[in-house]
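Please open the model in your viewer and keep the sequence beside it.

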Amino acid sequence: MLEGKYNFKESEQKWQEYWQQNGIYEFNKRSNRPTFLIDTPPPTVSGELHIGHIYGFSQADMYARYQRMLGKNLYYPLGFDNNGLGGIVNASRSLMCAYK
């Protein structure tokens with residue numbers, strides 16, 4: 001049981017330092033371990049992140065962690081793709097305003 005209030009900032013800093021020092025998230029292309037790739041779409045600048053992105057990311061993240069625990073050399077470039085929908089919506093709004 002936690003005593004008092006959980007300090008996520010302290011915990012997050014501790015674990016990020018540990019991961020960095022131990023190379024947990026490094027991909028070594030010269031490694032002899034089996035390589036496992038999770039392909040993600042390239043990030044886009046249109047639109048904003050929403051719960052759907054996090055839902056999809058969390059599933060892939062769990063699978064990535066599982067493959068890493070199996071000892072695989074994991075390549076998992078992080079990217080979110082909005083399929084350009086945000087840009088299309090913004091352009092449509094601009095056009096609608098121009099023709100009113």
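This is a predicted model: local features need pLDDT of at least 70, side-chain atom pairs count only at pLDDT 80 or more; totals for chains, interfaces and linings use all residues.

## From the fold to the rings

If you switch to a surface view, the accessible surface comes to about 8,700 Å², with 58% of it belonging to carbon and sulfur atoms, while 14% of the 100 residues of the protein count as buried.

Next, show the aromatic side chains, among which the structure holds 5 aromatic pairs. Select W19 and Y25: their ring centres are 5.5 Å apart and their planes stand at 90°, so this pair is edge-to-face. W19 counts as partly exposed because its relative accessibility is 27%, and Y25 is likewise partly exposed, at 41%.

Now select F27 and Y75, an aromatic pair that is tilted, with 4.9 Å from centre to centre and 55° between the planes. F27 lies in the loop between α1 (8–22) and β1 (35–37), whereas Y75 belongs to strand β2 (residues 73–75), so the pair ties together parts that are 48 residues apart in sequence. With a relative accessibility of 33%, F27 counts as partly exposed, and Y75, with a relative accessible area of 39%, is also partly exposed.

Then return to the whole chain: of the contacts in the protein with a separation of 6 or more, 81% come from residues 24 or more positions apart.

Note on methods. Residues are numbered from 1 along each chain as its sequence is written. Side-chain values use heavy atoms; hydrogens and water are left out. Rings of Phe, Tyr and Trp (its six-membered ring) pair if their centres lie within 6.5 Å; planes under 30 degrees apart count as stacked, over 60 as edge-to-face and the rest as tilted. Buried means under 20% relative accessible area, exposed over 50%, partly exposed in between (1.4 Å probe, protein chains only). Helices (H or I, at least four residues) and strands (E, at least two) are DSSP runs, numbered from the N terminus. Contact means heavy atoms within 4.5 Å. Accessible areas come from the Shrake-Rupley method with a 1.4 Å probe; for residues, only the protein chains shown count as cover.
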